[in-house]
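Morning, everyone. Let me put the structure up, and then we'll go through it.

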Protein chains: 2
Amino acid sequence: MTDSAQGPLSEFDIIARYFTPSVPAGMVGVGDDCAIIPVRPGYQLAVSTDTLIQERHFYGHTPADLVGHKALAVNLSDLAAMGARPRACLLSLSLPRVDEQWLQDFSAGFHQLCTDSGCVLIGGDTTRSNHGIIITVTVLGEVPVAQALLRNRAQPDDDIWLTGHLGAPYVALQLLGQHWPANPDLLKLALPRLQRPIPPYHWAPELLGHAHAAIDISDGLIQDLQHILGRSEFGAQIECAKLPQHSVLQHLDEAQRYEALLAGGDEFELCFTASPKSRAYILDSAAKAEVAVHRVGKITLAPELQIYGFDGQRLVDEQRFISASGFDHFAQ
Amino acid sequence: MTDSAQGPLSEFDIIARYFTPSVPAGMVGVGDDCAIIPVRPGYQLAVSTDTLIQERHFYGHTPADLVGHKALAVNLSDLAAMGARPRACLLSLSLPRVDEQWLQDFSAGFHQLCTDSGCVLIGGDTTRSNHGIIITVTVLGEVPVAQALLRNRAQPDDDIWLTGHLGAPYVALQLLGQHWPANPDLLKLALPRLQRPIPPYHWAPELLGHAHAAIDISDGLIQDLQHILGRSEFGAQIECAKLPQHSVLQHLDEAQRYEALLAGGDEFELCFTASPKSRAYILDSAAKAEVAVHRVGKITLAPELQIYGFDGQRLVDEQRFISASGFDHFAQ
């Protein structure tokens, strides 16, 4: 309604040049009113959507290929948390202006992860924003009927498992947000995990029939685990000594390490629960897929969350993490 | 990353209070990492996404319930253009601040259309924007395997049909954008069709097996019809005398009427093609559904678009509409 600047490429040019990949037989991709996605008998679709806003979810100076990667990665993380296999995605891109170099880099990063994950771009929308870049990706994945890893399925005595190693995104955000003194060496170690998360989307479907409940860690381990506990109506014990630490954490003091491990967001790793009977399967399956997994606690019948520190003693200020409740877009 | 203002409601409060409807058995709705949607045997999913940005796709003073209605309606229009029946939707809402009255009204308008259309809200994302309201809705609909109304299926000698009556959104946009002198009476007549479009989503699935190609009119009849022609590799003749005119057009001069009918966007009515053998079925089926339909031209083997004016003569400046190519978010 109020556009005024001239762009070198039209909306249709942008879509045709950067966002119209070929699609497998049986799908209808970009270029019609809707995309069409077939679903195999015995399967259901898992669907999720996440928005990234410039200067909120990524800084404007982030290389565009990494923005493209992350816009899809955070959504693949949601599919992984259901045990769903990526099938297709839609991309809504709102841009303040046409920057062809940015579009080329962004689409390269996005398409590379599409290819790696088997997630085909089948539709979207391109609009002009008033201010900053806004990216909304919707992903569709396939999961066998009634087997999705729901948050409310944790059982007492389940092990609690984590993929990956935690803490680096927290460190990177502290440094980028200038909450900590500048430290280029530390930032260099921590930044890749913030800018280029790789959720375990390939492996997560292997957990079906073994894991009970799962969630991805986007808002901080304790806050996200509490969603499982709240929905399952059980409690948990977490042993900080067993939490897998990213190597950058060795440069932090103890208080910072607790913060990074328990409240650090933007991890896009999985937290899942499974019966102790599944330990051998999980370790073997993860090793074959080259996914790091660690057992970090257990589900308890008592509906209380207990956090044990690095020394094995109950954490004195555990309530700080429990009530802190991680990242709230409107509260911070 | 840079939030600072305090909102009275948290992100989780907003979702719980306004955006967590109950869902039918077999679906998983808002509250897990993904939504889960079952698909019946013999059906495929049609998926589409559209973004509305404040001051571009709607003015800030638009009543919030109408914004909620339109955010879903423009997406239901895409499902209708495939002949798909609405099943579910996801809502990504980016807000500069928490305004509870706005949220209440917006969600009321959104949920009312969800209920009317049978489209269940099953997921979404709530974030804080830097500037203005940004709404991205993704819809999922069900369509029998291989029966979707694709743009490339028009056949020579097909009739071209339109639902509804065209022109009112164009008039409203001219007045709101102050391209025309203020005229409160005219605006009052035209505005409801701009602010509260009702695409023929209930009826569109009845066209399967009868219509060949379809598109919804969002960017202007001629531009949108050209997508069908380009993909089908045929031409068309359009008879302006047969175009169904909204009653507000009687207040316009002839040049304005042509503009409104041929280039006016934001209609969210259907343009579809069908064999002349289907005329009786279409008229009968539309009458039963209380949908207005009109035959306005035909598909031709010659790949040319010919526009005949109100007097039945070839329109002298028809090329103006053909090359104008309607609304381009980056060119205007």
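Which side chain meets that of A:Arg151 in a salt bridge? The partner is B:Asp32, at 3.6 Å, N to O. The term salt bridge here stands for a side-chain nitrogen of Lys or Arg within 4 Å of a carboxyl oxygen of Asp or Glu.

Before going on, some ground rules. This is a predicted model: local features need pLDDT of at least 70, side-chain atom pairs count only at pLDDT 80 or more, and totals for chains, interfaces and linings use all residues. Residues are numbered from 1 along each chain as its sequence is written, chains are lettered from A and ligands numbered from 1 in the order in which they are written, and side-chain values use heavy atoms, with hydrogens and water left out.

Back to the interface. Across chain A and chain B, the rule finds four salt bridges. There are also 25 residue pairs in polar contact between the chains, both residues at pLDDT 80 or more. A polar contact is a pair of N or O atoms within 3.5 Å; within protein, one must be able to donate a hydrogen and the other to accept it, and residues adjacent in sequence count only if both atoms are side-chain atoms.

On chain A, the largest share of the side touching chain B is nine residues from strand E2, residues 43-53. Strands are DSSP runs of E, at least two residues; helices are runs of H or I, at least four; both are numbered from the N terminus.

How much area is buried between chain A and chain B? About 6700 Å², with carbon and sulfur atoms giving 54%. That is accessible area (1.4 Å probe) lost on putting the two parts together, summed over both. Each chain puts 79 residues into the contact, meaning heavy atoms within 4.5 Å.

Now the whole structure. Over all chains, the search finds 32 salt bridges. One is A:Arg85 with A:Glu206, at 4.0 Å, N to O. A:Arg85 is in strand E3 and A:Glu206 in the loop between helix H5 and strand E7, so the pair ties together parts 121 residues apart in sequence.

Last, helix packing in chain B. H2 (residues 64-80) and H3 (residues 100-117) pack at about 35 degrees, axes 6 Å apart. Axes are lines fitted to C-alpha atoms over the stretch in contact, and angles run from 0 to 180 degrees between N-to-C directions. Residues meeting there include B:Leu72 and B:Leu76 from H2(B), and B:Phe106 and B:Phe110 from H3(B).
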